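Please prepare a short briefing on the structure below. Group the points by topic and state the cut-offs behind the terms.

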Amino acid sequence: MPKNIKSFLKKHIIAIWITAAALTLVTLGVMASYTNQSNKAKKVVATVAKTEMQFSSNYLDTTNPFRTIVINDGDAISVDVRNYSGNSTTWYKSDINYTFTAELTKTDGSSLSESEAAELLGDGGSVIIKTADDEGTESPTPLCTLTATNRSSGDISRCLTFNSSATTSDHFKVYFSSPSSKVCVKITATPNVSYKDLELISAILAVSDKSSVQNNGWTGEFTDPMTNKTPSDYDAYNYAITGNGNSDSATLRWDSSKISINSQYIRDTLHVTTISDIPGRTGWKEITFSLDSTTSSGRYSFQVFKVNGQIPATWNALKGYIEFDDGI
């Protein structure tokens with residue numbers, strides 16, 4: 001190192017050290033400030049993510065639930081679409097334009113053919129949907145009428161008009177021609193794509209005859225249309241357990257060499273973690289679970305799948321692959 005540089009460093013070493021220390025402190029301060037701002041930004045994002053969606057319903061949801069409503073003959077299911085979430089003290093701060101659709105379906109929400117709808121509706125059956133005002137007075141003209149030949153309403157434009165001083169709701173009355181009807185109706189409310197903070201809500205609705213469930217008891221059956229159909233017409237099957245009352249010892253048994261049960265439903269809805277072999281019945285499995293009509297609306301519905309592509313020869317053969325005992 002040249003002598004003149006060494007001499008300069010010796011004379012000014014303290015000043016150089018002070019300057020370097022100051023620069024280090026400034027750098028640390030900037031980094032700390034950036035980190036704090038970043039953390040604040042993360043907190044803001046987390047808060048927004050937890051905001052409740054202000055587009056809701058008493059039946060429809062983002063999870064597209066299956067719901068059975070127990071009714072008397074002539075009763076309507078009252079379905080509301082609202083501009084608020086669970087907290088009705090705050091509501092959406094503008095109009096909400098959305099489309100309303102209704103479609104006749106199977107229990108899993110899949111579409112029906114004309115013949116399938118006719119069988120599930122019954123002779124001349126229908127599902128009629130009307131609008132109503134806040135006092136419950138219904139429009140004399142149906143919003144839509146669903147039949148075997150007209151199974152979908154198509155998109156119907158609706159608007160929840162913003163009111164600065166109150167919440168707003170659209171009221172719909174859904175009439176099944178018979179409370180013992182086996183058809184389902186899927187109702188969907190879809191906000192216009194311009195609403196980035198609102199999501200589609202829907203539900204699959206079915207009815208049960210109140211007079212048939214007055215006493216405790218449950219039954220299990222396949223719910224797919226079977227007239228003019230064979231088991232080979234379906235990739236999977238819908239099975240429903242319906243009834244009334246409570247049971248802590250309901251049992252479902254099935255031939256696992258022929259069919260399988262939706263394992264997610266067994267775990268998440270029936271809350272069963274143990275599937276047992278049945279002694280003396282090769283391939284047969286069983287589960288024991290609780291039934292509660294106060295929380296299930298009197299219906300448990302799930303899918304049954306073919307094993308290794310095996311197709312039951314007849315409906316009676318398929319029915320022989322599964323057994324249900326309500327334990328009451």
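**Thr-145 and Ser-126**

Thr-145 touches Ser-126, Val-127, Ile-128 and Asn-150 when residues up to four places away in sequence are not counted; contact here means heavy atoms within 4.5 Å. The model is a predicted one, in which local features need pLDDT of at least 70 and side-chain atom pairs count only at pLDDT 80 or more, while totals for chains, interfaces and linings use all residues. Residues are numbered from 1 along each chain as its sequence is written, and side-chain values use heavy atoms, with hydrogens and water left out.

- Thr-145 lies in strand 6 (residues 144-146); strands (E, at least two residues) and helices (H or I, at least four) are DSSP runs numbered from the N terminus.
- With a relative accessible area of 30%, Thr-145 is partly exposed, a class that lies between buried (under 20%) and exposed (over 50%), using a 1.4 Å probe and protein chains only.
- The C-alpha atoms of Thr-145 and Lys-130 are separated by 8.8 Å, and the two residues are 15 residues apart along the chain.
- Ser-126 is found in the loop between helix 2 (114-121) and strand 5 (127-132).
- Ser-126 counts as buried because its relative accessibility is 15%.
- Leaving out residues up to four places away in sequence, Ser-126 touches Leu-121, Thr-145, Leu-146, Thr-147, Tyr-175, Phe-176 and Ser-177.

- An open sheet of five strands has mixed pairing and the order 2-10-9-4-7; two strands pair if DSSP finds at least two bridges between them.
- Strand 2 and strand 7 (156-160) are the edge strands, each pairing on one side only.
- From one strand to the next, the twist averages 30 degrees, with axes fitted as lines to C-alpha atoms (for helices, over the stretch in contact) and angles running from 0 to 180 degrees between N-to-C directions.
- Eight bridges pair strand 4 (residues 96-105) with strand 9 (residues 184-191) in the antiparallel sense, and Thr-101 stands opposite Thr-188 in strand 9.
- Strand 11 (residues 217-222) and strand 12 (residues 236-244) run antiparallel and are joined by six bridges; Glu-221 stands opposite Ala-240 in strand 12.
- Strand 12 also pairs with strand 17, in the antiparallel sense over seven bridges, and Arg-299 in strand 17 is the bridge partner of Thr-242.

**Largest pocket**

- The largest pocket has a volume of about 520 Å³; on a 1 Å grid over the protein atoms alone, a pocket is an open set of points with protein on both sides within 12 Å along at least five of seven lines, and lining residues have an atom within 4 Å of a point.
- Of its 23 lining residues, Phe-66, Tyr-265, Thr-269, Arg-299 and Ser-301 are the closest to the centre of the largest pocket.
- Two or more lining residues each come from strand 2 (66-71), helix 3 (263-268), helix 4 (293-296) and strand 17 (299-306).
- Strand 17 gives the largest share of this lining, five residues.
- By class, the lining of the largest pocket divides into eight nonpolar, 11 polar and four charged residues; Ala, Val, Leu, Ile, Met, Phe, Trp, Tyr, Cys and Pro count as nonpolar, Asp, Glu, Lys and Arg as charged, and the others, Gly among them, as polar.

**Cavity**

- One cavity of 30 Å³ or more is found in a search of the whole structure; a cavity is a set of grid points where a 1.4 Å probe fits but cannot get out.
- The largest cavity has a volume of about 40 Å³, where a volume is the space filled by probe spheres set on points joined across faces, edges and corners.
- Lys-106, Thr-107, Leu-120, Lys-182, Thr-223, Asp-224 and Asn-238 line the largest cavity.
- This lining has one nonpolar, three polar and three charged residues.
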